[in-house]
Amino acid sequence: MPRSPTTITPPSDIDPKRLAMVAAATPNFLVMLDDAGRIEWVNPSFEEHTGYQLEEVRGCLPKEVLYGPDTDPETIKRINQKLHRAEIIEEDILHYTKAGQPYWVHTYCVPIGTEQGVAPGYIAIQNNISDRKNSERGLRIAASVFDRSHEAILITDQSNRILDVNPAFSRITGYSRQEVLGLNPAILSSGRHSGAYYRSMWRTIEKTDHWRGEIWNRRKNGEEFVELLSISRVHLEEPGQYYHVAAFSDITALKNHARELDRAANYDDLTGLPNRQLLEERLRTARSHADRQHRSVSVCYLDLDGFKGINDKWGQSAGDQTLRTLAERLTRALRSGDTVARIGGDEFVLLLQGDDNHEAVYQRILATVGDPVTVGDQNVSLTASLGITRYPEDGSDAEGLIRHADQAMYSAKEKGRNQYHLFDPGLDEHRRNRRNQLMEISRALENEEFELFSSPRSVSRIANFSVLRR
């Protein structure tokens, strides 16, 4: 119930000076208004906080000095109505200092007048409640973020029991809030991660109060999903008291999309084998590994002999199926550390690491291709030509190694079907030097860079040679 203004009756036995000292000492803001609602007096606390001196505000309406752009019009309207009816006012309202800084006050204003033996007016007592309002606002924002966040959020206690989860948690995991309260988040575990993984995670939290990473979890329906998880340890003011706040996003779709992009960029659509880009990357890695281990790498360029006839006779779909079959066979024929890549058409490149019996390996590759393949309703036997270069004997980069293996493959074709040929770096260098010399001679002839020199002895020899011929 509103307090009656008749309760404000100053005691007659107290010195007015002492009452004035109370008004000066209180941290509350005291404002006296006349019956028109204009300011008559303010206490020092009001002056100190607002920056207004009494002389600046005396005779002003509160709205002329204290209200600002964000002061609630409905609150102002209620205050004015109660002032007009000489009723008690109790409101929270936003005021502004002289410098324009906003602050919240709780205003309690009572009318005074003839019943108290004074001129009609009002006494307003104001408490600065900005901290409380800001806290309430922060809590409202936090609650709104918690409820509306697209990230799942869960809060656990020191024993890692779930205290609360937001709607996004239920949407992502399929568990309702009531189903998980009091449980351990381990109910989501997919079983993919070892105990050592989780122990490492908690050691990081113990040390830094934070951990961030990717984890595979499981929804209520059993479906696995990958999440980007962030866990923070939030300490309270009481020593040793804290909570855990975990937030995660379901990034399964992003991971799948990334895999699709990687596959499109690095793998052959038809066979699923690595393409040239991934082959060169693996070849660069293999070269570095061979250097460290003092071992060798073989690069084998394989081209099917007469493959065009399959497409012409049985159609492209039969040819595609044949290529897929050969891709599977070649992959099975090699070790797990080796690579089979398709770089176009009926051409494959095999990357072999190690110092095994190379001739036997090359023959096994050709024999794998030679096994009959079912095409349509017939079994067809194919052959291949295989060109080979070896690192570090051939010290070229990845692109150069593939190119040299390709050159050796054409030499194998010249030998006849079902053959292999080794690239000779020394012979290749000799041929390159000779080719460069011929190109230089040709260019010099075109540019008339040659000069003819002769000597008397040379002329005499030519003349004698002519006489003898006669």
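A residue is called buried under 20% relative accessible area, exposed over 50%, and partly exposed in between, using a 1.4 Å probe and protein chains only. The structure is a predicted model, in which local features need pLDDT of at least 70, side-chain atom pairs count only at pLDDT 80 or more, and totals for chains, interfaces and linings use all residues. Residues are numbered from 1 along each chain as its sequence is written, and side-chain values use heavy atoms, with hydrogens and water left out.

**Overall composition**

- The chain contains 17 helices and 17 strands; helices (H or I, at least four residues) and strands (E, at least two) are DSSP runs numbered from the N terminus.
- Of the 470 residues in the chain, 37% are buried.
- The accessible surface of the chain is about 28,500 Å², and carbon and sulfur atoms account for 51% of that surface; accessible areas come from the Shrake-Rupley method with a 1.4 Å probe, and for residues only the protein chains shown count as cover.
- Contact means heavy atoms within 4.5 Å. Among contacts in the chain between residues at least 6 apart in sequence, 49% join residues at least 24 apart.

**Salt bridges**

- The whole structure holds 22 salt bridges, each being a side-chain nitrogen of Lys or Arg within 4 Å of a carboxyl oxygen of Asp or Glu.
- Glu-280 and Arg-276 form a salt bridge, at 3.2 Å from N to O. These two residues are four residues apart in helix α11 and are therefore separated by about one helical turn.
- Arg-276 is classed as partly exposed because its relative accessible area is 34%, whereas Glu-280 counts as buried at 18%.
- Arg-132 and Glu-136 form a salt bridge between their side chains, at 3.2 Å from N to O. Both residues lie in helix α6 (residues 130-148), four residues apart, about one turn of the helix.
- Arg-132 is partly exposed, because its relative accessibility is 40%; Glu-136 is likewise partly exposed, with a relative accessible area of 29%.
- Arg-132 and Glu-136 also belong to a network of salt bridges that links them with Asp-92 and Lys-133.
- Glu-87 is joined to Arg-85 by a salt bridge whose closest N and O atoms are 3.0 Å apart. Glu-87 is partly exposed at 32% relative accessible area, and Arg-85 is partly exposed at 46%.

**Two buried threonines in loops**

- Thr-271 lies in the loop between α10 (252-266) and α11 (276-293). Thr-271 counts as buried because its relative accessibility is 18%.
- The side chain of Thr-271 makes a polar contact of 2.6 Å with the side chain of Asp-268. A polar contact is a pair of N or O atoms within 3.5 Å; within protein, one must be able to donate a hydrogen and the other to accept it, and residues adjacent in sequence count only if both atoms are side-chain atoms.
- The backbone nitrogen of Leu-273 is reached by the side chain of Thr-271 at 3.2 Å.
- Leaving aside neighbours within four places in sequence, Thr-271 is in contact with Leu-323, Arg-324, Ala-327 and Arg-342.
- Thr-97 is placed in the loop between β3 (89-96) and β4 (102-112). Thr-97 is buried, because its relative accessible area is 11%.
- Not counting residues up to four places away in sequence, Thr-97 touches His-49, Thr-50, Tyr-52 and Tyr-103.

**The β12-β13 hairpin**

- Strands β12 (residues 339-344) and β13 (residues 347-353) run antiparallel and are joined by five bridges; two strands pair if DSSP finds at least two bridges between them.
- The two strands form a hairpin with two residues between them, and Gly-345 in the turn has a positive phi of about 55 degrees.
- Gly-344 stands opposite Glu-347 of β13.

**Surface features**

- A nonpolar surface patch is formed by Leu-163, Val-234, Leu-236 and Tyr-243, with about 300 Å² of accessible area together. Patches are made of residues with over 30% relative accessible area and no salt bridge; like charges are joined within 9 Å, and nonpolar side chains (Val, Leu, Ile, Met, Phe, Trp, Tyr) within 5 Å.
- Val-234 belongs to strand β9 (residues 224-235) and counts as partly exposed because its relative accessibility is 36%.
- Ser-317 is in helix α13 (residues 316-333) and is exposed, because its relative accessible area is 57%.
- Ser-317 and Val-375 are separated by 58 residues in sequence and by 10.0 Å in space, C-alpha to C-alpha.
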